[in-house]
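Here are a few notes to go with your first look at this model. Have the sequence and the 3D view open as you read.

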Amino acid sequence: MDVIRLLDIRDTPLSVDEVYAAVGDHAAGGTTLFVGTVREQDQGKPVTRLSYSAHPSAQAELRRVAEKVAADFPVTALAAVHRVGDLELGDIAVIVAAACPHRGEAFAASRRLIDDLKAEVPIWKHQLFGDGSAEWVGACE
């Protein structure tokens, strides 16, 4: 059975319950979830909303990142979903989850999954600020 249980890039709202259910595993002693949301400010400037865009290769790159995490950690289950399109303050932009035999491994795997997703998957964020300015931020940092 593939330990990568759920990977997706969606233009619809994300569900913590769906991701948590996807990584449920009786072999896991620890399950971690990271939920990234749209915050009200960035670099001291008020954010009014965001828009995410993904390159056509983003889904394949997300799988590559997840496979590397699965190879490097003793995961029993992994999941990652990222939102694209327009998001408002408080909306969920990304959820990653890792289930492992022990909590330390689950924390480490989840941390690597979100960090590598942000660094390597071609998803870009367009931030709109309260002063009317805007900025593009590459999720591939």
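Which residues of α3 are buried? Keep that in mind for the first point, and remember throughout that this is a predicted model.

1. Let's start with helix α3, residues 103-120. Its buried residues are Ala 106, Ala 109, Ser 110, Leu 113, Ile 114, Asp 116 and Leu 117. They cover an arc of only 170° around the axis, so they sit on the same side of α3. Turn to the other side of the helix and you'll find Phe 107 and Arg 111, both exposed.

2. Why would buried residues line up like that? An α-helix has 3.6 residues a turn, so residues three or four places apart point the same way.

3. What does the buried side of α3 pack against? Its partners are β2 (30-37), α2 (58-72), β5 (77-83) and β7 (92-100).

4. Now for α2, which has 15 residues and reaches 21 Å from its first C-alpha to its last, close to the 21 Å expected at 1.5 Å a residue. Buried here are Ala 58, Leu 62, Val 65, Ala 66 and Val 69. Their arc around the axis is only 95°, which puts them on the same side of α2. Ala 60 and Ala 71 are exposed on the other side.

5. The buried residues of α2 pack against β1 (4-10), β4 (45-54), β5, α3 and β8 (123-129).

6. Have a look at the loop between α2 and β5, where you'll find Thr 76. Is Thr 76 buried or exposed? Its relative accessibility is 14%, and because the cut-off for buried is under 20%, Thr 76 counts as buried. Leaving aside residues up to four places away in sequence, Thr 76 touches Val 3, Arg 5, Asp 25, Ala 27, Ala 28, Ala 99, Cys 100 and Pro 101.

7. Finally, the surface. Tyr 20, Leu 33 and Val 35 form a nonpolar patch there, with about 260 Å² of accessible area together. One of them, Leu 33, lies in strand β2. Leu 33 has a relative accessible area of 35%, which makes it partly exposed.

Technical notes
Residues numbered from 1 in each chain as written. Predicted model: local features only at pLDDT ≥ 70, side-chain atom pairs only at ≥ 80, totals over all residues. Heavy atoms only, no water. Helix = DSSP H or I, 4+ residues; strand = E, 2+ residues; numbered from the N terminus. Expected span 1.5 Å × (residues − 1). Buried < 20%, exposed > 50% of the residue type's maximum accessible area, 1.4 Å probe, protein only. Arc of directions from axis to C-beta. Contact = heavy atoms within 4.5 Å. Patch = residues over 30% accessible without salt bridge, like charges linked within 9 Å, V, L, I, M, F, W, Y side chains within 5 Å. Areas by Shrake-Rupley, 256 points an atom, 1.4 Å probe, with all protein chains shown as cover. Salt bridge = Lys/Arg side-chain N within 4 Å of Asp/Glu carboxyl O.
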